[in-house]
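Here are a few friendly notes to read beside the model. They follow the charged side chains, point by point.

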Amino acid sequence: MPYVPHNQKNPALTRYRFAEDRDLITACLAGEEPAWDALIDRYAGLLFSVCIRMGLSQADAEDTFQDVCLILYNHLESIRDTTRLSGWLISTTRREVWRTARKKQVTLASELGEGEWEMEAAESVHPQKANGNPEQAILALTEQQLMREAVERLPERCRDLLLQLYAADDPLSYQDLAVKLSVAVGSIGPTRARCLERLRKILQELGY
């Protein structure tokens, strides 16, 4: 069945919004369909951008994306290092792009001159993801994935604090956040600074 991006306001998906990849995969293996939808929604933009950036048409990119989703589904049980899932998906997508190109005799971006690629990209780019510039789109989405992976590596307390401060739809006040996390209000600021420093170091380790 073709994948269709879901409305993130869907309550069944919202509870998985900040879940780590390993938890989503565990839920997927337990047969929880919303977890699968959330996992694919998380990576859909990045994978589409890889397809488009390499030179596939919109239709071929959608077919390739479906193929990658199927490969991921079939490999869920064998995935061990979920902190590198985005890299695995990018490599898998690139391989499938080349397979599609060979099968359909499509000339990919790496085989075109710079001027030809710019023209082809302008015609084929995914309008909702690239905003007319596929190279900037894939760089931005890759940075988003690196940031998410770095946040996943934080201790749980830091992760919860930063997500509540910077990623929640309705950020809590320091007073409400202190109650939610069972900490003193005066500790929020210093803890936030320490957590951001940890996040900075993790991002450096990831090559950001």
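**Notes on the charged side chains**

1. Arg42 and Asp21 join their side chains in a salt bridge, 2.7 Å from N to O (a side-chain nitrogen of Lys or Arg within 4 Å of a carboxyl oxygen of Asp or Glu). Because Arg42 belongs to helix H3 (residues 33–54) and Asp21 to helix H2, the pair ties together parts 21 residues apart in sequence; helices here are DSSP runs (H or I) of at least four residues, numbered from the N terminus.

2. Before going on, please note that this is a predicted model, where local features need pLDDT of at least 70, side-chain atom pairs count only at pLDDT 80 or more, and totals for chains, interfaces and linings use all residues. Residues are numbered from 1 along each chain as its sequence is written, and side-chain values use heavy atoms, leaving out hydrogens and water.

3. Is Asp21 buried or exposed? Asp21 counts as buried, at 0% relative accessibility, and Arg42 is buried too, at 16% (buried is under 20% relative accessible area, exposed over 50%, partly exposed in between, with a 1.4 Å probe and protein chains only).

4. Glu20 pairs with Arg159 in a salt bridge whose closest N and O atoms are 2.8 Å apart. This pair links distant parts of the chain, 139 residues apart: Glu20 is in the loop between H1 and H2, and Arg159 in helix H9 (residues 156–166). Glu20 is buried at 3%, and Arg159 is buried at 12%.

5. Within helix H11, Glu197 and Arg200 lie three residues apart, about one turn of the helix. Their side chains meet in a salt bridge of 2.4 Å, N to O.

Terms used. Helix = DSSP H or I, 4+ residues; strand = E, 2+ residues; numbered from the N terminus.
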